[in-house]
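Subject: Structure for your study

Dear colleague,

Please find the structure below, together with its sequence. My notes on what was found in it follow.

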Amino acid sequence: MDATWLSGFENSGLRMPYGICSFAPAARLQTQDYLSESQRFFERLGAFHVRDLDCDREIQLGPPEDPYPVAIPSMGLVAKKMVLCQGVAANENRLFSDLPLHPARGDILVVESRQVHLQQVVHHQAWAVPIGQHRFLVGATYDRAPFLKSNPDNAYASSDSQNASKAIGFRRELETRWESIVKGTFAEGSHTVLEQRWGVRPASYDRHPLIGAHDVYSSVYCMNGLGSKGTLMAPRLAELLLDAMQGATIEPSLLRSRRS
């Protein structure tokens, strides 16, 4: 990786008492656009279907010597192998409820500032991503609340005063980090928080990915535990998993046991 000291950012609105440098190579994936385009691609092939599935009741698994040991009768499907990529929801089905997942909530802010002139992604106490129209994404927090494992969709619901106050705390934390990046402050009214977003990372306890075959049903695989590095690691991990499904061995140093 190459680091280059930069100049000419004096009027950018950034606070940089020690200067600023760029790192290369680097990139950012427009995740939502990528997923939408991927869905359209597979829809054109007739290979993308949306359906609620009760894994415990609807998936039927036969012996490994069966040519098609995986069946979902309610969908009229049979298969040689199946991969479940369920994130935190994996804890809710019998097949992979033993995964040592340790979910982590992350919050980001959408901030508007007409005093900051920024075209690049900036890291300093936080990351700030320009998204156009003087708006920036600022993130991210990292919270491993225990109940995220069992109830991720309702964590910090606004109707719960205690949880709502925690969400406010995350917002203030991100505002403080944003202030460490820019010269102005929120108190001066130079910035506006337009939105607070949050999601749950399907992290593992030691931050290693959790991929491989089920201990009993060798025709069923999981790909999980990618945490906050999913867009970075998923392509290579998917290749490794596909190789493993064809008989290759996954390098043990890349993974940990599925069981805690």
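Just after helix H4, Gly247 takes a positive phi of about 110°. Helices (H or I, at least four residues) and strands (E, at least two) are DSSP runs, numbered from the N terminus. Please note that this is a predicted model, in which local features need pLDDT of at least 70 and side-chain atom pairs count only at pLDDT 80 or more, while totals for chains, interfaces and linings use all residues. Residues are numbered from 1 along each chain as its sequence is written, and side-chain values use heavy atoms, with hydrogens and water left out.

H4 covers residues 230–245 and has a kink of about 30°, centred on Arg236; the bend at a residue is the angle between axes fitted to the seven residues ending there and the seven starting there. Gly230, Leu237, Leu240, Leu241, Ala244 and Met245 of H4 are buried. Here, buried means under 20% relative accessible area, exposed over 50%, and partly exposed in between, with a 1.4 Å probe and protein chains only. Strand E6 (82–84), strand E12 (210–213) and strand E13 (220–224) are among the elements that cover these buried residues.

**Helix H1**

Helix H1 (residues 31–44) has 14 residues and reaches 20 Å from its first C-alpha to its last, close to the expected 20 Å. That expected span is 1.5 Å times one less than the number of residues. H1 is followed by Gly46, whose phi is positive, near 70°.

**The cysteines**

A disulfide is a covalent bond between the sulfur atoms of two cysteines. With the cut-off used here, sulfur atoms within 2.5 Å, the structure holds zero disulfides. Cys85 counts as exposed because its relative accessibility is 53%, whereas Cys222 is buried, with a relative accessible area of 1%.

Cys21, in strand E2 (residues 20–24), counts as partly exposed because its relative accessibility is 30%. Cys21 touches Thr4, Trp5 and Leu6, not counting residues up to four places away in sequence; contact means heavy atoms within 4.5 Å. Asp2 is 19 residues from Cys21 in sequence and 9.9 Å away in space, C-alpha to C-alpha.

**Nonpolar cores**

In soluble globular proteins, nonpolar side chains tend to be buried together. A nonpolar core is a set of buried Ala, Val, Leu, Ile, Met, Phe, Trp, Tyr and Cys residues joined through side-chain atoms within 4.5 Å. The largest one has 17 residues, and Leu14, Val111, Val116, Leu118, Trp178 and Ile181 have the most contacts inside it. Strand E7 (104–112), strand E10 (135–139) and helix H3 (161–181) each supply at least two residues of this core. The largest share, three residues, comes from H3. Apart from this core lies another, of 14 residues, among them Val70, Leu84, Ala90 and Leu210.

**An open sheet**

Three strands form an open sheet in the order E3-E4-E5, with antiparallel pairing. Strand E3 (60–61) and strand E5 (77–79) stand at the edges with a single partner strand each, so one side of each has no neighbour in the sheet. Two strands pair if DSSP finds at least two bridges between them. E3 and strand E4 (residues 70–72) pair over two bridges, and the bridge partner of Leu61 in E4 is Val70.

Yours sincerely
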